[in-house]
Amino acid sequence: MHLDPLLLSRLQFVWVIALHILLPAFTVGLASYIAFAEGMSFFTGKQIYARISQFWIRIFSVAFGMGVVSGIVMPFQFGTNWSRFSDATANVISPLLAYEGLTAFFLEATFLGVLLFGRKLVPRWVHFVAALAVALGTLSSSFWILAANSWMQTPAGYEIVDGRFFPTDWWQVIFNPSFPYRLAHTVVAFYITTGFVVLGIGAWLVRSGRFIAEGRTIMSATLWVLLVLVPVQIGLGDLHGLNTLEYQPTKLAALEGRYDTASPAPLTLFGIPDDKDAVMRSEISIPWLGSLLLTHSWTGQIKGLKEWPADQRPPVGPPFYAFRIMVGVGMLMLALIIAGNIMRRGSAFVTSRSFLLACQWAGPLGFIAVLAGWVTTEVGRQPWTVFGLMRTANSVSPSLTGLDVLLSLIGYIVVYAIIFPGGFFVMRRIIRLGPQAQALDAPVQSGRPTLPITSLPPGHNQGITS
Amino acid sequence: MMPALLLDFVPIWTVILAVGIFLYVLLDGFDLGVGILYRFAPDTASRNLLMNSIAPVWDGNETWLILGGVGLLVAFPLAFAIIIPAVYFPVLIMLLSLVFRGVAFEFRFRDAAHRTFWDHGFFFGSVLATFAQGVVLGAFIQGFQVQGREFTGSSFDCFTLFSCLTGVALVFGYGLLGAGWLIMKTSGPLQQRVRGQGGWCLLGVVICIAAVSVWTPILDPDIAHRWLDWPNIVWFAPVPLMTILVALFIGRTLRSPSEGAPFLGAVALFLLSYLGIAISLWPMIVPHYYTLWQAASSPKTQAFLLVGTVFLLPTILLYTAWSYWVFRGKVRADMGYH
């Protein structure tokens, strides 16, 4: 069998980024949630918020640690496997990656140390500020990395000299046409992902019977937040789609499953795409609706993939199916959130066993939607790394053999197959322990606190009892 | 054409990148070093102590690696595009090892049933990551096969006897830094033990530095001329002489009651070695092929990032220093994890 370094490099990138993205999808929202809980604890002084915050901080620290180590892998992928891409685009997008490091990673990593280990070493307001700093860091990280990603989707503010990209206008580079939509859609997706995990775990806490008060507080706040975010996200998704129609029509055609140009265009609900014959088989569709959703008119024209040469079309299958999964998950979420908020009457949302179970089962829905959305947008960008300008096939490192990449891919698969389930079980264990009071109010034995101090200089014990 | 800019940003970025990489080497160096010494801790209590001495700072330290990698990409993209694929496997080994040791911090405390597994993961991860970084260094000094703007050699070229020697050198070197850190953070019998381990690391690293110093000029006549031609030999002679003095100083302080001196000595030793490599290779960033100026990114790119870096880097250094201050003092045996 011939080992193709390009295909294997792409598979490797899929593997390392798809697993990595699960962690920011969770931690971006969780950091804000912790900052919220810390703020409530600081301003109201209620112990329940401190317990809840401490509970989530423990989970956060595991997820964040995994995010750091799987994230360090990412910039090196650009060098090891995509050196031609790096050489061609570095002048434009590398400062965005550097700004991500400078404004986000250090902020997160340093203040996380204080958040995790410093509760008794620093004044309470500093601990709250540390929580804010971590949350701010995660958002800043999203801003810069999505600016870089969006530039690859809808490049702007550049000129090409000798086959390489040079910046002409930084404002246009960063605020390229798809960036505002992608940023909003992704960050809200991350918040929703966290929201559903939090809701699910809150439901479990209630069901377990041991932490009903904590679980109820967690669920109630989260249901309010999601009641706003889920509908907002559906609206943002629509806007993002319209933006894609304008700037990346091939991607839009692929996720709509549209090979032939049509006006009016139907909405294809399901079908089996066949790229070779450029035809959708076993299609189920609703007439007019495609035009209505995308052009907001009954007869608007939607271009089909046949308008472009075959070597400039993305594969239809992955974006087509992934898009449907994403939208389907979104609808499920909306239904659950509306039901939950209606069930506030008589506190049914914490007494209905079936609703609590449904929340638990819905916990991972956000991750599915995030991955599906990522497949839609990234496979939909193919066959380009820089849309319309630089081909994926011309981006790979020229020195690599198929064997090189096969070996590294196996390495990543083996290590991640240990690390990710390991992290999952560790987090599950923390959840099972629940938001116990002991971590915060541990009795001070023999003049020394048992938790959670790593280094405590003498005479620096202020704040331990507060 | 680019408008001619009055300022040459290349020296500025060279300094920033050099400082960034050096800070990475120092900071992650001591916590990888703690991982290297981890295996030789006598019991679980000591292992907890070792782990906790770096738990609040390790991910901040590792972040400098991202800055180093991305900094190279921003300032000298051509060097990034040639060097990183050339050290494909050492980078892979480093990354996978860092993944293992990074999660070991949390997993070890949370997953008592597999504690031994994660203890091993932490030690071997630390050693392998360090060794791989040393191989990258050795391969870099030796240079790569280049055509045009691309590396054209094999992904296995970087593994040579010389690069393996630099790999071993770095394991001893980080071990020494880790010992210096632990001497500051621990006390009593454990500190005495670490002082002894520091002695072994010092011996190892001195032998390796001597071997590399003799081997490098033999490998590369340009480097031999750089150091040995008149009058360079007068200017550069203080570097090896100082290295000898610093090594003696570390040896003495490891046996004295001084707690901060071994770490400072180890830092000085790294600084001198770093200086030695810089003297050998200046002004090349891709040895034998491209200078810093030829590999540099466009002035617009360098200027754009510089504007922010001027404010952000000092801020980062300030709050990093603050976090070290918060966690200052000895680690204690009776504490748990957060």
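A:R381 is buried, with a relative accessible area of 6%. Keep in mind that this is a predicted model. Which residue does A:R381 meet in a salt bridge? The partner is A:E378, at 2.7 Å from N to O. A:E378 is buried too, at 13% relative accessible area. Both residues sit in helix α13 of chain A, residues 365–381. They are three residues apart, about one turn of the helix.

Now chain B. B:R110 and B:E106 form a salt bridge, with the closest N and O atoms 3.7 Å apart. Both are buried. They lie four residues apart in helix α5 of chain B, so about one helical turn separates them.

Next, B:R47 and B:D119. Their side chains meet in a salt bridge at 3.5 Å, N to O. B:R47 is in helix α2 and B:D119 is in helix α6 of chain B, so this pair ties together parts 72 residues apart in sequence. Both residues are buried.

Back to chain A for a network. Salt bridges link A:D274, A:D277 and A:R281. Over all chains, the structure holds 14 salt bridges.

How many of these cross the interface of chain B and chain A? Two. One of them joins A:D87 and B:R149, at 2.9 Å from N to O. On the chain B side, the elements giving two or more residues include α3, α4, α5 and α6. By class, that side has 47 nonpolar, 17 polar and 13 charged residues.

Last, the interface as a whole. The contact takes 77 residues from chain B and 81 from chain A. The two chains bury about 7,000 Å² between them, 73% of it on carbon and sulfur atoms.

Definitions and conventions
Residues numbered from 1 in each chain as written. Chains lettered and ligands numbered in written order. Predicted model: local features only at pLDDT ≥ 70, side-chain atom pairs only at ≥ 80, totals over all residues. Heavy atoms only, no water. Contact = heavy atoms within 4.5 Å. Buried area = accessible area lost by both parts, 1.4 Å probe. Salt bridge = Lys/Arg side-chain N within 4 Å of Asp/Glu carboxyl O. Nonpolar A, V, L, I, M, F, W, Y, C, P; charged D, E, K, R; others polar. Buried < 20%, exposed > 50% of the residue type's maximum accessible area, 1.4 Å probe, protein only.
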